[in-house]
Amino acid sequence: MRALLTAVLGTLAIIGTAHGAGTPSIKAPQLQTLPPLREQAELVDAWTEERKALIPSLLHKYGIGAWLMSQREYAEDTVFWALKEATQFSARRRTTHLFLANPKPGTPPAYSWIDNTDAVWTELRHVLEEQQPATIALNTHPEIAFSGGLHAGELDMISAALGKEWADKFVLETMLAVEVIATMVPGRLLWYKKMQETAWAIIEEAFSEKIIVPGKSTAWDIEWWMRDKIQSLNYTTWFQPSVFIVTEDDFPALRDDPRAPDHIIQYGDLIHTDFGVSALGLNTDTQHLGYVLYPGETKADVPQGMVNGLKKVNRLQDIVKDNMVIGMTGNEILKASLNQMHSEGIEGKIYCHATGEWGHSAGTVIGMTNLQDKVPVLGDLPLLKDTYYSIELFAEHFVPERNQTLKFAQEEDVYWDSETNRWEWVYGRQEELLLIKTPRADDISQIPMEL
Ligand SMILES: *[C@@H]1O[C@H](CO)[C@@H](O)[C@H](O)[C@H]1NC(C)=O
Ligand SMILES: *[C@@H]1O[C@H](CO)[C@@H](O)[C@H](O)[C@H]1NC(C)=O
């Protein structure tokens, strides 16, 4: 029954005009298909080469002589994933990389070993003796995953194998791994935009009468429809999509369990999704809102309080985007943004993070849902250019039609545009609620002829 109804409504959606999502200037987002796997591998490998080429200048920037990364199969350093080839699915045996800031003339700037004998240590010692780096950076950060990926057992092994002379030169440079992972080389943007468009298109389809049958579909039905849709497009994802009905007391982001309880979606519900897709070594992160119209209602019937709630959170997005000054720490940006938010009479929370290489990627964070004064350690890192960020936040708004204050949560990805020296939306930002439009039962004018 359900499948039949969905199919009928699907036909209706095609015949009806596209419903209003996003800014009017944005055409309806389209699903973007991926090239064959072999072409994908070529694309990704070219981006990885561009990234590897940045390493010598980053070693100079942070005053490091050499960077040593070592791991065994299935116990990879976090940085491994950003530097591997597309056809590598894990480290093999012991996989060891050494990058040098100032290689002696005629010697290479980087070395790699894949070995399961002591030869790797003999050869590594030989290279170090020849090159004499003053410092050797290891990824040993106690708090930051991206700079702390060296496994404890591997550190013991390296220290024993290289001996005290070299172990005395070990240093930690937090920003080295962070910047290597965070930097989004220019070639990636075209595909990141396509992936973002795909994410928008999936959300638009999910939050439409084609998929949602008010009174029947539950929030989790929509989550699993989104999972299947991602799979059908040969994309993957990095978190379970979330769909929930916005009420005064139910806001998953503020609870320990981010998964909201399942409920049937009803007419008049304000619904929210947090959704991302993964492909080509990239990840997106988006939150949009929708409203379930009563049968026969149109856009003009959306409660004005909800329209205004979205406007308010749009304003908060602008405030944060304008305060994201390169070189400032996440905590400084958080403070400036919250001050401006309060001075404009907005109540809300700000919790933005780097994205792209990982869903929650390397780089400073600008608030967390439970940390609005400052975020220790991560919030003290400087904001880097040539990165992608998720502007993630909510504004509270009193909705008179509900007699309730609701949290209007949004998340949109931005990229640093080195030509305009500004953050730009990767695809756009939501400025109109997605609408689930059910025709009136007696309205035969909306029923297609062929039925
Ligand atoms: C998904 O991959 C399969 C197998 O490679 C291919 O036949 C199909 O066309 C792909 N689908 C999309 C939507 O790209
Ligand atoms: C609105 O809510 C407040 C507090 O929750 C309640 O006291 C008041 O009676 C409500 N107003 C209406 C019109 O329902």
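Student: Which residues are buried in H8?

Tutor: Buried means under 20% relative accessible area, with exposed over 50% and partly exposed in between (1.4 Å probe, protein chains only). Helices (H or I, at least four residues) and strands (E, at least two) are DSSP runs, numbered from the N terminus. In H8, the buried residues are Thr174, Met175, Leu176, Ala177, Val178, Glu179, Val180, Ile181 and Ala182. This is a predicted model, where local features need pLDDT of at least 70, side-chain atom pairs count only at pLDDT 80 or more, and totals for chains, interfaces and linings use all residues. Residues are numbered from 1 along each chain as its sequence is written, and side-chain values use heavy atoms, without hydrogens and water.

Student: What covers the buried residues of H8?

Tutor: Contact means heavy atoms within 4.5 Å. The cover includes helices H2 (37–52), H3 (55–61) and H4 (80–83), together with strands S1 (66–72) and S4 (136–137).

Student: At what angle do the axes of H9 and H10 cross?

Tutor: Axes are lines fitted to C-alpha atoms, for helices over the stretch in contact, and angles run from 0 to 180 degrees between N-to-C directions. Those of H9 (residues 188–206) and H10 (residues 219–232) cross at roughly 140° and come within 10 Å. H9 is therefore oblique to H10; angles under 35 degrees count as roughly parallel, over 145 as roughly antiparallel, 65 to 115 as roughly perpendicular and the rest as oblique.

Student: Which residues of H9 and H10 meet?

Tutor: Ile202, Ile203, Glu205 and Ala206 in H9 face Ile222, Trp225, Met226, Lys229 and Ile230 in H10.

Note on methods:
Chains are lettered from A and ligands numbered from 1 in the order in which they are written.
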